[in-house]
Amino acid sequence: MENNSINELHEKLKSEKGIYTDFKNDMTYGEYLRLDQILSGQQLLSDHHDEMLFIIIHQVSELWMKLILHEMKSAIIAIQQNKMQPAFKMLSRVSKIQTQIIQAWDVLSTMTPSEYLEFRHKLGKASGFQSYQYRLIEFALGFKSKHILKIYEKDQELSKILEEAYKAPSIYDVSIQALAREGLAINKDLLNRDFSITYGGDESVAAAWKEVYLNVDKYWDLYQLGEKLVDIEDWLQQWRFRHMKTVERIIGFKIGTGGSSGVNYLKKVLDHRFFPELWDLRTSL
């Protein structure tokens, strides 16, 4: 019975007369995606089976982060240009991408402490703490850390990119500007502030967001923007939590390979809020 099904499938494939098989002069799927480069990028430093898992999980996460940055940068520009609907689409996509990165921790957590110990020493001082794309995401969300930039001085071009992102307005900065454009009373000092300083909250912003949430029909676009931002922070904090628990599960409270306090550091960053007024208004409404 099974052989008959297989034969039927083969016959159906043969009947697909339009399928291209001659690629001597045409680009293939693998060439378009540069799969030769991507699939040759897993250079193991040990002979342990699970190092492949460790490398691929982190590489895939970096690819997803590249897409997050692609969407976030465009969303910031769109908000500045008052093109809210395209920005909403981009921010919704960011939230969906975040769910994929969160699920990656579930795969990595299948590796046991004993298995990781077999190749951890091969990493030297390399650590996910040094992920420059993650830093760019933090900068885009408004968390600016000057001392972090020193990590990237080895690469002048990369250092320049990070320095520019460090000084640029975050997505919350441009959202506050959007509140002001709609006639809501915003502290003028916030509109052209030093964007390299992490935003810490302002009463005028709190009052403006409260006005938006109490008058949803009047400020529908701003209301949607607020909820998109909450979605992103919610998912990011879930990512951070899963990261922390996965690290604790695999290495406990050991110092990270990059010199951080490991789990203790990851627990501290869980307390940071990117968009404080959007969370506080849940209580004040």
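# Cavities, pockets and helix contacts

Q: What volume does the largest cavity have, and what makes a space a cavity?
A: The largest cavity has a volume of about 130 Å³, where a volume is the space filled by probe spheres set on grid points that are joined across faces, edges and corners. The space is called a cavity because, on a 1 Å grid over the protein atoms alone, a 1.4 Å probe fits at its points but cannot get out, whereas a pocket is an open set with protein on both sides within 12 Å along at least five of seven lines. This is a predicted model in which local features need pLDDT of at least 70 and side-chain atom pairs count only at pLDDT 80 or more, while totals for chains, interfaces and linings use all residues. Residues are numbered from 1 along each chain as its sequence is written, and side-chain values use heavy atoms, with hydrogens and water left out.

Q: How do you know which residues lining the second largest cavity are nonpolar, polar or charged?
A: Ala, Val, Leu, Ile, Met, Phe, Trp, Tyr, Cys and Pro count as nonpolar, Asp, Glu, Lys and Arg as charged, and the others, Gly among them, as polar. The lining residues include Leu 141, Gly 142 and Asp 173, which therefore count as nonpolar, polar and charged in turn. The whole lining has four nonpolar, four polar and three charged residues, around about 50 Å³ of space.

Q: Which helix gives the largest share of the lining of the largest pocket?
A: H4 (51–80) supplies nine residues, the largest share, of a lining of 45 in which Phe 54, His 58, Ser 127, Gly 128 and Phe 129 lie nearest the centre. The space in this pocket is about 1200 Å³, and its lining divides into 24 nonpolar, 15 polar and six charged residues.

Q: Why are H4 and H7 called roughly parallel?
A: Their axes, which are lines fitted to C-alpha atoms over the stretch in contact, lie 9 Å apart at an angle of about 25°. Angles run from 0 to 180 degrees between N-to-C directions, and those under 35 degrees count as roughly parallel, over 145 as roughly antiparallel, 65 to 115 as roughly perpendicular and the rest as oblique. H4 and H7 are therefore roughly parallel.

Q: Why are H12 and H14 called roughly perpendicular?
A: The axes of H12 (residues 220–251) and H14 (residues 276–284) come within 9 Å and cross at roughly 105°, which makes H12 roughly perpendicular to H14.

Q: How many helices and strands does the protein chain have?
A: The chain comes to 14 helices and zero strands, where helices (H or I, at least four residues) and strands (E, at least two) are DSSP runs numbered from the N terminus.

How values were computed: 1 Å grid on protein atoms, 1.4 Å probe; cavity = no way out; pocket = protein on both sides within 12 Å on 5 of 7 lines; lining within 4 Å.
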